[in-house]
Amino acid sequence: MSAVAPVAENPLIEGLERLPIHPTTLVIFGATGDLAHRKLLPALYNLAHEGALPERFNLIGVSRSDHAHEDFRKMAQEAIRQFSRREPDEAVLEKLLEEVRYVPGVFDDDSVYKTLASELDEFDKAAGQRMNRCFYLSTAPGFFPVIAEALGEHGLNKKDGSEVRVPARGVMFGKVIPG
């Protein structure tokens, strides 16, 4: 006789269907930091593994370190392999990070936001539609107002036909308001 009972399906999800999620680009400010490596990137992988991300999902990392897109992609893969709660499925991991981008620079530098705007526009063009944008601030709290103000100054705070959000360390601040 086994001491472990089989786990039944969750009865609370019976009859519920998953609604389609609008295509989204997630931008992580502080993407090379410890929080991103230990928590955010592995969580994104686990969401992808569970099918909880939009079918069209893009990731852009922004941080002070100078890296190429491919270098950041490799860093993200390593972080996911090391810190994910489950063994990564290579096909899921590859799909999640296939179009990853990286924008180097300090958070008060205008060129960072110009490059970021260009990358976001490229993703929109490739999708043939405006994608939702989520800017995650995985930085010291002192950078929150600097980044939020710069997003507003560069017109990244709104996009007709899509939603723009700025959660920071798990707290949803809602839409960015220009500074």
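## Charged side chains in this model

By the rule used here, the count comes to 14 salt bridges, each being a side-chain nitrogen of Lys or Arg within 4 Å of a carboxyl oxygen of Asp or Glu. This is a predicted model, where local features need pLDDT of at least 70, side-chain atom pairs count only at pLDDT 80 or more, and totals for chains, interfaces and linings use all residues. Residues are numbered from 1 along each chain as its sequence is written, and side-chain values use heavy atoms, leaving out hydrogens and water.

Here are some of the pairs:

| Salt bridge | N to O distance |
|---|---|
| Glu70 and Arg73 | 4.0 Å |
| Arg133 and Asp124 | 3.4 Å |
| Arg165 and Glu163 | 2.8 Å |

Let us start with Glu70 and Arg73, which sit three residues apart in helix H2 (residues 69-83), about one helical turn from each other. Arg73 is buried, at 10% relative accessible area, while Glu70 is partly exposed at 38%. In these terms, buried means under 20% relative accessible area, exposed over 50%, and partly exposed in between (1.4 Å probe, protein chains only).

Arg133 and Asp124 are both buried. These two also belong to a network of salt bridges that links them with Asp121 and Lys159. In the pair of Arg165 and Glu163, Arg165 is partly exposed at 28% relative accessibility, and Glu163 is partly exposed at 38%.

Finally, look at the surface, where Asp108, Asp110, Glu149 and Glu153 gather in a patch of negative charge. Patch residues have over 30% relative accessible area and no salt bridge, with like charges joined within 9 Å. Glu149, partly exposed at 39% relative accessibility, lies in helix H5 (residues 144-153). Helices are DSSP runs (H or I, at least four residues), numbered from the N terminus.

Conventions
Patches are made of residues with over 30% relative accessible area and no salt bridge: like charges are joined within 9 Å, nonpolar side chains (Val, Leu, Ile, Met, Phe, Trp, Tyr) within 5 Å. Accessible areas come from the Shrake-Rupley method with a 1.4 Å probe; for residues, only the protein chains shown count as cover. Lys and Arg count as positive and Asp and Glu as negative; His and the chain ends are not counted. The place of a charge is taken as NZ of Lys, CZ of Arg, CG of Asp or CD of Glu. Helices (H or I, at least four residues) and strands (E, at least two) are DSSP runs, numbered from the N terminus.
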